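Here is a short briefing to read with the model open beside you. Take the topics in any order you like, and keep the viewer handy.

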Amino acid sequence: MCAERAPAQRQDVYGGRNPAEIPAYTIPEAAHWLQVPYTTTRAWLLGQHGFAPVVEIADRETRTLSFQNLVELHVLAAIRRKHGVSLQRVRTAVEFMEQRLGVPHPLRSHQMLTDGQDLLVEWGGQYLSLNRQGHGEMRAILEVYLSRIELEGEIPARLYPFSRREHLDDPRAILIDPRVQFGRPCVAGTGIPTAVIADRWRAGESIDGLADDYGRRREEIEETIRYEIPVAA
């Protein structure tokens, strides 16, 4: 009688690590995918001219980022690009939340807010101004940016980056999920890497032909190309 086989075990390609924490992205990739200038992205991660970095990069030696770093840069871009809050105020807020409130990685937290001029911290149901201590501030804030982050519990798990710079109402056409295609941007709802579609378009294939080939709507293919090749699209 043959011995009964043990059920096959799923291979853990991440070696037991959380894929969202694994250094997997280069600085140029992060800059491109989040539509933030390379020099700005580099300064936020590595610091410059005597100023400390704002985001703690996952692997400073190899200068590679984790998915969680992408989320932090996404939120930081909202604070800087849309609200014009100075980096010094951001650093103050980050340090305050880490050291005084015990909030790890504040830029991944929905407790970090801004009213357009001041950085605020949500604490105990109130809003504390880090520059005008003692003043409660009415909200709001980063709602559009934060709505593009999907959580599992309180941990960011998926990110829908903007495909059109400065267009806050653009569709959620692109998805970055550290468990899909090793965290490369894909067409939302699929495992199709955006770079593959863009490469085929560059090679001369038509948008309609790509839509038919992948079984997607023309608008999705157009948005994908716009995301990967913003100048050409």
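The largest cavity has a volume of about 50 Å³, and the structure, which is a predicted model, holds one cavity of 30 Å³ or more.

**The largest cavity**

- Its lining is made up of Trp 33, Leu 34, Val 36, His 74, Ala 77, Arg 81, Tyr 145, Pro 161 and Phe 162.
- Sorted by class, these lining residues are seven nonpolar, one polar and one charged.
- Helices α1 and α3 each bring at least two residues to the lining of this cavity.
- The biggest contribution to the cavity lining is that of α3, with three residues.

**The second largest pocket**

- The volume of the second largest pocket is about 250 Å³.
- Thirteen residues line this pocket, and those nearest its centre are Pro 53, Val 54, Val 55, Val 94 and Glu 98.
- Helix α4 gives the most to the pocket lining, namely four residues.
- By class, the lining of the second largest pocket holds seven nonpolar, one polar and five charged residues.

**Nonpolar cores**

- As background, nonpolar side chains in soluble globular proteins tend to be buried together.
- The largest nonpolar core has 35 residues, and the members that touch the most others are Leu 45, Leu 65, Leu 70, Leu 73 and Leu 107.
- At least two residues of this core come from each of α1 (27-34), α2 (38-46), α3 (67-82), α4 (87-99) and α5 (143-147).
- Among the contributors, α3 gives the most to this core, with nine residues; α3 also gives the most to the lining of the largest cavity.
- Another core lies apart from the largest one and has ten residues, including Ile 197, Ala 198, Ile 207 and Ile 225.

**Helix α2 and its end**

- Which residues of α2 are buried? They are Thr 41, Ala 43, Trp 44, Leu 45 and Leu 46.
- One of these, Leu 45, is also listed among the residues that touch the most other members of the largest core.
- Gly 47 follows α2 and has a positive phi, near 80 degrees.

**The β6–β7 hairpin**

- Strands β6 (residues 149-152) and β7 (residues 155-159) pair in the antiparallel sense, over four bridges.
- Two residues separate β6 from β7 in this hairpin, and Gly 153 in the turn has a positive phi of about 70 degrees.
- Along the pair, Ile 149 stands opposite Leu 159 of β7, and Glu 150 has Arg 158 of β7 as its bridge partner.
- Strand β7 is mostly covered, with four of its five residues buried.

- Asn 69 has its place in helix α3.
- Is Asn 69 buried or exposed? Asn 69 has a relative accessible area of 1%, so it counts as buried.
- The side chain of Asn 69 reaches the backbone oxygen of Glu 56 at 3.1 Å.

- Most residues other than glycine have a negative phi. The two residues below are worth a look with that in mind.
- Gln 35 is not a glycine, yet its phi is positive, near 60 degrees.
- Gln 35 sits in the loop between α1 and α2.
- Because its relative accessibility is 12%, Gln 35 counts as buried.
- Gln 181 also has a positive phi, of about 50 degrees, although it is not a glycine.
- Where is Gln 181 found? Gln 181 is in the loop between β8 (174-175) and β9 (186-187).
- With a relative accessible area of 38%, Gln 181 is partly exposed, whereas Gln 35 is buried.

Methods: Residues are numbered from 1 along each chain as its sequence is written. Side-chain values use heavy atoms; hydrogens and water are left out. A nonpolar core is a set of buried Ala, Val, Leu, Ile, Met, Phe, Trp, Tyr and Cys residues joined through side-chain atoms within 4.5 Å. Buried means under 20% relative accessible area, exposed over 50%, partly exposed in between (1.4 Å probe, protein chains only). On a 1 Å grid over the protein atoms alone, a cavity is a set of points where a 1.4 Å probe fits but cannot get out, and a pocket is an open set with protein on both sides within 12 Å along at least five of seven lines; lining residues have an atom within 4 Å of a point. Grid points are joined across faces, edges and corners, and a volume is the space filled by probe spheres set on the points. Ala, Val, Leu, Ile, Met, Phe, Trp, Tyr, Cys and Pro count as nonpolar, Asp, Glu, Lys and Arg as charged, and the others, Gly among them, as polar. Two strands pair if DSSP finds at least two bridges between them. A polar contact is a pair of N or O atoms within 3.5 Å; within protein, one must be able to donate a hydrogen and the other to accept it, and residues adjacent in sequence count only if both atoms are side-chain atoms.
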